[in-house]
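Please look at the structure below and follow how its parts pack together.

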Amino acid sequence: MTIVIAHRPPEQRDAGHGVDERASKTRLDLATAKSVASTLQALATPSRLLILATLQDGPKSVGQLVSAVQMEQPAVSHQLRLLRTMGLVESERHGRNVVYSLFDDHVSELIDQAIYHAEHLRLDPKDDPSAT
């Protein structure tokens, strides 16, 4: 299964969705480094990335996520619990269903940046042995 994510290079992003330049120039202390590492660790699992990328399209129930990422319901529920604990998703009860969404636009931006970076590395001609 493939999930296609449309993203824009940083120079083409809306002003409200870009990385805050002040944040990128702030010195990283140990407490912040641990917090950032924890967030990045949460993104280091393909199943969690698929769930987060799917939620970029909007809120989804567990059942919708199970169908979209083609995982078993207990596995999706487990990953969602972890993502909620890490502050990357939030949930809201709608009757008997629990609907999940990204915590905020920063989570979506993290995913976009990670995808952009991975594609940049993969498409860099200097790293392509057939380009020589």
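In this predicted model, helix 4 (residues 62–69) packs against helix 5 (residues 73–85) at an angle of about 110°. The axes of these two helices are 9 Å apart. Angles from 65 to 115 degrees count as roughly perpendicular, and helix 4 and helix 5 are therefore roughly perpendicular to each other.

**The helix pair**

- The crossing in which helix 4 passes helix 5 is right-handed.
- Helix 4 contributes Val 62, Leu 65, Val 66 and Val 69 to the contact.
- From helix 5, the contact is made by Gln 73, Val 76, Ser 77 and Leu 80.
- Sorted by class, the contact of helix 4 with helix 5 has 6 nonpolar residues and 2 polar ones, with no charged residues.

- An open sheet is formed by 3 strands, which lie in the order 1-3-2 with antiparallel pairing.
- Strand 1 (60–61) and strand 2 (89–94) are at the edges, and each has a single partner strand, so one side of each has no neighbour in the sheet.
- Strand 2 and strand 3 (residues 97–102) run antiparallel and are joined by 6 bridges.
- Which residue of strand 3 is the bridge partner of Val 89? The partner is Leu 102.

**The helix on the sheet**

- Helix 3 (residues 46–55) packs on the sheet and touches strand 1, strand 2 and strand 3.
- The direction of helix 3 makes about 90° with that of strand 3.

How values were computed. Residues numbered from 1 in each chain as written. Predicted model: local features only at pLDDT ≥ 70, side-chain atom pairs only at ≥ 80, totals over all residues. Heavy atoms only, no water. Pairing = 2+ DSSP bridges. Helix = DSSP H or I, 4+ residues; strand = E, 2+ residues; numbered from the N terminus. Contact = heavy atoms within 4.5 Å. Axes fitted to C-alpha atoms, helices over the stretch in contact; angles between N-to-C directions. Parallel < 35°, antiparallel > 145°, perpendicular 65-115°, else oblique. Left-handed = near helix turned anticlockwise from the far one by under 90°. Nonpolar A, V, L, I, M, F, W, Y, C, P; charged D, E, K, R; others polar.
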